[in-house]
Amino acid sequence: MPLYLYLNIFTILFPLLLSFDKKVAFYKNWPYLWPAILINAALFMIWDELFTQAGIWGFNPEYLVGIYLFNLPLEEVLFFITVPYACVFIYECLNAYITKDLLQPYAKGITFVLIPVLLLLAVFNLEKLYTSITFTLLAAMLGAHYYYFNTQKLGRFYLAYLVHLVPFLLVNGVLTYLPIVWYNNSHNLNLRIVSIPAEDSMYSMLMLLLTISIYEGLKQHFAVKQYQRLAV
């Protein structure tokens with residue numbers, strides 16, 4: 001039963017159909033969204049391929065359609081498209097319907113606590129590759145985002161991240177409970193949110209932050225270009 005494929009369809013179906021909602025009009029942002037998703041997908045697929053080859057995680061063929069790109073199931077490749085799409089959709093819906101940036105006053109503090117905590121956990125768990133690499137990359141991504149955007153987008157990002165945890169727990173819960181995706185616990189902290197490795201929550205934050213950073217960077221770049229053309 002290709003349950004992983006069904007989870008991908010479930011993940012993107014409603015965000016895709018609701019992309020044409022008049023208030024959000026998410027489809028208008030596709031020129032910035034798809035490059036961000038494709039860059040994110042390329043980087044995460046390389047990481048995924050390396051970790052799969054190293055046996056840090058793997059996939060249960062019982063729940064797959066049996067089509068592979070290198071060592072990655074088709075469903076895993078689709079995961080890096082469907083999940084970022086759905087997450088950025090959540091981000092834009094919150095921006096449209098919640099006008100006040102509720103977490104902006106706390107964004108700098110949250111960031112400056114997360115970065116050293118993540119780096120310390122990475123340093124003290126260097127042999128656990130899923131932990132150390134994920135936490136180091138997330139700390140670096142938080143620093144890079146703050147450098148380029150300051151707290152302009154971070155409050156909105158943190159709110160979207162908190163809201164995305166609801167579908168994250170549902171989808172990842174199914175993936176890890178059956179399991180469709182299995183993990184070598186010698187490379188993680190072996191701390192679980194029910195059946196989900198704790199690292200998955202930071203992995204998801206990294207994927208969402210990378211996608212939104214590129215997405216917002218492209219929007220900002222083309223807005224400046226448009227302003228320059230109008231000013232001439």
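A crossing is called left-handed if the near helix is turned anticlockwise from the far one by less than a right angle, and right-handed if clockwise. The crossing of α2 and α3 is right-handed in this predicted model, where local features need pLDDT of at least 70, side-chain atom pairs count only at pLDDT 80 or more, and totals for chains, interfaces and linings use all residues. Residues are numbered from 1 along each chain as its sequence is written, and side-chain values use heavy atoms, with hydrogens and water left out.

Helix α2 (residues 30-53) packs against helix α3 (residues 74-97) at an angle of about 140°, the axes being 9 Å apart. Axes here are lines fitted to C-alpha atoms, for helices over the stretch in contact, and angles run from 0 to 180 degrees between N-to-C directions. The pair is therefore oblique (angles under 35 degrees count as roughly parallel, over 145 as roughly antiparallel, 65 to 115 as roughly perpendicular and the rest as oblique). The contact (heavy atoms within 4.5 Å) involves, among others, Trp 30, Leu 33 and Phe 44 of α2 and Phe 80, Pro 84 and Val 88 of α3.

Then there is the pairing of α1 and α6, with an angle of about 175° and axes 11 Å apart; these two helices are therefore roughly antiparallel. On the α1 side the contact uses Leu 3, Tyr 4, Leu 7, Phe 10 and Thr 11, and on the α6 side Leu 170, Val 171, Val 174 and Leu 175.

Methods
Helix = DSSP H or I, 4+ residues; strand = E, 2+ residues; numbered from the N terminus.
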